[in-house]
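Take a look at the protein shown here.

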Amino acid sequence: MPVAASAIYFLNLRGDVLINRLYRDDVGGNMVDAFRMHIMQTKELGTCPVRQIGGCSFFYMRISNVYIVIVVSSNANVACAFKFVVEAVALFKSYFGGAFDEDAIRNNFVLIYELLDEIMDFGYPQNLSPEILKLYITQEGPSDKPVPNATLQVTGAVGWRREGLVYKKNEVFLDIVESVNLLMSSKGSVLRCDVTGKILMKCFLSGMPDLKLGLNDKIGLEKESQLKSRPSKSGKTIELDDVTFHQCVNLTRFNSEKTVSFVPPDGEFELMKYRITEGVNLPFRVLPTIKELGRTRMEVNVKVKSVFGAKMFALGVVIKIPVPKQTAKTSFQVTSGRAKYQAAIDCLVWKIRKFPGQTEPTLSAEVELISTMAEKKSWTRPPIQMEFQVPMFTASGLRVRFLKVWEKSGYNTVEWVRYITKAGSYEIRC
């Protein structure tokens, strides 16, 4: 396996070394001078985060006012190196109260050196879990109190969760959050569309519970019907693309049974991410009509139809309708919400606080333009943009079929499931 780092440096914006750690002897201690001379002083920091200088590779990332530089001399796992940097910064922030900058590093030299010794060994990343490391490395100094099952916590299969957790009320909160990315033509045909989603969980469970999550994804339902030797029930199935899981998910069981089984971390975490490209349920359809009446007037008519159920509603809906820069005066008529002209962004901004399902509010506007003697350039007509949130609706159609919690003590749990769909890049050409 290729190494992730031979050395790591933390530099400020002037190029001064704040702290460094050498993990292997295949790079010299002065390699940071090459980084300063060939990258920082030549103003090439923003071009590419991976550079090769004198037989060594430099991977660097800027976080706040600090550059984190990893140096390797052999074939390296670049993705692993950058993943290590991201996880290490999250670890430092958990110790420093959410801050990571030059001052935080200067105020915590001893703690950072101790953490750097623990999270990487001879160029290979180790355990970067804040929950586990805080059991042994504290800001108050070494603790005399023995930690139960220390070896299991560091090297065991459930390193992300400590034993002995007890809650009076055992609860699980699960949120499916999706972002819709859309590019639609002025006539209503979809040019590009996809959904990116994530499943967020917050667990307050005693002991070491085993959770099992069932979704209405196509592969999972087909596998379940095969195991039960009966056809699957009718209903919409979803084809998930580009699925990534939290480390707690049992991938062996997922590959064999196609169910998401896991021992959850304590508190809040992201269980999985996914993407949908087929069968997307668009929450809104926008039909714009823009007429240019000579050189000084425009008529704008926009109809927005909510496609989701009549019992649901969207919150914080904002429709931004572009107008030319030489706009002088506007007048509006809207059937719902409020509208105004914002010269700073050259848009008519239409806001609807609560947008019920199966409704079609409209906006009609007259726009007066400043007449100029210069030759008129054709207006490029940027797309209309939308912002919204639709609770209890998923554009992908993904649904939780079951969420089972098993723990050897047999306690009862309360499960809460929510859905929400947001606008990612939701654009309609006009």
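In which strand is S306 found? S306 belongs to strand 15, which covers residues 297–306; helices (H or I, at least four residues) and strands (E, at least two) are DSSP runs, numbered from the N terminus. The model is a predicted one, in which local features need pLDDT of at least 70 and side-chain atom pairs count only at pLDDT 80 or more, while totals for chains, interfaces and linings use all residues. Residues are numbered from 1 along each chain as its sequence is written, and side-chain values use heavy atoms, with hydrogens and water left out.

Is S306 buried or exposed? S306 has a relative accessible area of 0%, so the residue counts as buried; buried means under 20% relative accessible area, exposed over 50%, and partly exposed in between (1.4 Å probe, protein chains only). Which residues does S306 touch? Leaving aside residues up to four places away in sequence, S306 touches P283, F284, F355, P356, G357, Q358 and T359, where contact means heavy atoms within 4.5 Å.

Two of these neighbours also have polar contacts with S306. A polar contact is a pair of N or O atoms within 3.5 Å; within protein, one must be able to donate a hydrogen and the other to accept it, and residues adjacent in sequence count only if both atoms are side-chain atoms. A polar atom of the S306 side chain lies 2.8 Å from the backbone oxygen of P356. The side chain of S306 also reaches the backbone nitrogen of T359, at 3.0 Å.

Now turn to N77, which sits in the loop between strand 5 (66–72) and helix 2. With a relative accessible area of 26%, N77 is partly exposed. N77 caps the N-terminal end of helix 2, with a side-chain oxygen 3.4 Å from the backbone nitrogen of A79. N77 and A4 are 73 residues apart along the chain, yet their C-alpha atoms are separated by 5.4 Å.

Helix 2 itself runs over residues 78–95 and has 18 residues. Its buried residues include F82, F84, L91 and F92. After helix 2 comes G97, whose phi is positive, near 75°.

What of the whole protein? There are eight helices and 23 strands. Of the 430 residues, 41% count as buried. Among contacts with a separation of 6 or more, 70% come from residues 24 or more positions apart.

Key:
Expected span 1.5 Å × (residues − 1).
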